[in-house]
Amino acid sequence: EELYQILKKDEKRTKAYRSCLRKLSARDHTVKQIRDHLSSLELEKEDAEEIIGRLSTYGLLDDEKYCVASISRHEKNSLSVQQIRRKLAKDGIDEELIGKYVTVNAEAEAEKASVIAARYAQSLKNRPLTARKRMTLNKLLNCGFSYEIGKEAVAALGLNADQDLQLLEKEYRKVHSKYERKYAGHDLQQHVSAALYVKGFRMEDIRKVMEE
């Protein structure tokens, strides 16, 4: 019985080790991620640490190498410094290691913010100017960029009121065509202006277009 229990424990440890090798052959993992994986296999703590030590000795587990590679990948995807920090911390990278490699470069941050702002603003091309600016700025803030960098990136988009009026005229014709089948006169004006206001256009601009 004693020998059976020893062999059973050894088999479980071997299977867990092979499972880690399979995961690491697919992509790099941090020590925390592998430790969590071993915990999910209900491996005893001392056995789990022995496997982690072996993998680290063989160079298959290296948090510093993982950190550097992840930073490079995240920067190519235009992630902000704050986003990179959060992702690395979530992966289990030590704060000291993050501080060693993740540094703030104002010029690089501004460039990344501009890329994201241009891409996001394009997806909002049917939105009014005010809404596009507000939503784009909020997007940048949620991505971890500072308010100053976000504001500059939005300003650099070159969005202007003329574009907004052109869009409003286009939307006015569309909404007017929709409601004129049901309403006329004052009721038609009320429904059209309300629909355009809900879309985010300013009431003074709506009145101006309706008068024209």
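How many residues of the lining of the largest pocket are nonpolar, how many polar and how many charged? I looked this up before anything else. The lining divides into 2 nonpolar, 4 polar and 2 charged residues. Here Ala, Val, Leu, Ile, Met, Phe, Trp, Tyr, Cys and Pro count as nonpolar, Asp, Glu, Lys and Arg as charged, and the others, Gly among them, as polar.

I note that this is a predicted model, where local features need pLDDT of at least 70, side-chain atom pairs count only at pLDDT 80 or more, and totals for chains, interfaces and linings use all residues. Residues are numbered from 1 along each chain as its sequence is written, and side-chain values use heavy atoms, with hydrogens and water left out.

**The pocket**

I looked up the volume of the largest pocket: about 160 Å³. A pocket is an open set of points on a 1 Å grid over the protein atoms alone, where a 1.4 Å probe fits, with protein on both sides within 12 Å along at least five of seven lines; lining residues have an atom within 4 Å of a point. The volume is the space filled by probe spheres set on the points, which are joined across faces, edges and corners. The lining is His186, Gln189, Gln190, Ser193, Met203, Arg207, Met210 and Glu211. Helix H11 (185–198) and helix H12 (203–211) each give two or more residues to this lining. Helices are DSSP runs (H or I, at least four residues), numbered from the N terminus.

**H7 and H8**

I turned to helix H7 (residues 106–122) and helix H8 (residues 129–142). They pack at about 135 degrees, with axes 10 Å apart. Axes are lines fitted to C-alpha atoms over the stretch in contact, and angles run from 0 to 180 degrees between N-to-C directions. H7 and H8 are therefore oblique to each other. Oblique is what remains after under 35 degrees (roughly parallel), over 145 (roughly antiparallel) and 65 to 115 (roughly perpendicular). Their crossing is right-handed, meaning that the near helix is turned clockwise from the far one by less than a right angle. Contact (heavy atoms within 4.5 Å) involves, among others, Ala113 and Tyr120 of H7 and Met135 and Leu140 of H8. The contact residues divide into 7 nonpolar, 2 polar and 2 charged.

**H1 and H3**

Helix H1 (residues 2–26) and helix H3 (residues 45–57) pack at about 40 degrees, their axes 11 Å apart. That makes H1 oblique to H3. I found this crossing right-handed too. Among the contact residues are Arg13 and Leu24 of H1 and Glu50 and Arg54 of H3. The contact has 7 nonpolar, no polar and 6 charged residues.
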